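I opened the model and kept notes on what I looked up. The entries follow in the order I made them.

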Amino acid sequence: MEKNAALALETLETHRRLFPKATLNSEATKHRISALIALGRRDDAYRELSSATPLDVELLVRKGELAYELGRSKEVDGVFVACTSLRV
């Protein structure tokens, strides 16, 4: 699993470099976050989510979950409030 996640992360990084304004960047971000988490790199996944914009509900929820897991309780409430303000 780690080997696949590492390869996926490498491929997604290449995609981001080659296509910085791609239509499916949100989907690529979701896969990048999943790969980082699979590799045990939760801090990196959280940083990635903190710098990505805009975030859809799925990514915002993932960010809130990571904030909770990383002990960033002050940030959890803000993330979930942001979720409620999105229209789906």
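**Entry 1: charged pairs**

I looked up Lys 30 and found that it counts as buried, at 12% relative accessibility. My classes are buried under 20% relative accessible area, exposed over 50% and partly exposed in between, with a 1.4 Å probe and protein chains only. Lys 30 forms a salt bridge with Glu 27 at 3.3 Å, N to O; the term means a side-chain nitrogen of Lys or Arg within 4 Å of a carboxyl oxygen of Asp or Glu. Glu 27 is partly exposed, at 37%. Helices here are DSSP runs (H or I, at least four residues), numbered from the N terminus.

I then checked Arg 32, which has a salt bridge to Glu 48 with the closest N and O atoms 3.0 Å apart. This pair links distant parts of the chain, with Arg 32 in helix α2 and Glu 48 in helix α3, 16 residues apart. Arg 32 and Glu 48 are both buried. Salt bridges with shared partners join Glu 13, Arg 16, Arg 32 and Glu 48 into one network. I counted eleven salt bridges by this rule.

**Entry 2: basis and confidence**

I note that this is a predicted model, where local features need pLDDT of at least 70 and side-chain atom pairs count only at pLDDT 80 or more, while totals for chains, interfaces and linings use all residues. Residues are numbered from 1 along each chain as its sequence is written, and side-chain values use heavy atoms, with hydrogens and water left out. The mean pLDDT (the predictor's confidence in each residue, from 0 to 100) of the protein chain is 87, and 95% of its residues reach 70 or more. Confidence is lowest in helix α5 (residues 73-85), with a mean of 82, and highest in helix α3 (residues 42-51), at 93.

**Entry 3: Lys 63**

Lys 63 lies in helix α4 (residues 57-69).

**Entry 4: helix α5**

I listed the buried residues of α5 as Val 76, Val 79 and Cys 83. They lie on the same side of α5 because they cover an arc of only 70° around the axis, taken from the directions from the helix axis to the C-beta atoms. These buried residues pack against α4, where contact means heavy atoms within 4.5 Å.

Methods
Helices (H or I, at least four residues) and strands (E, at least two) are DSSP runs, numbered from the N terminus.
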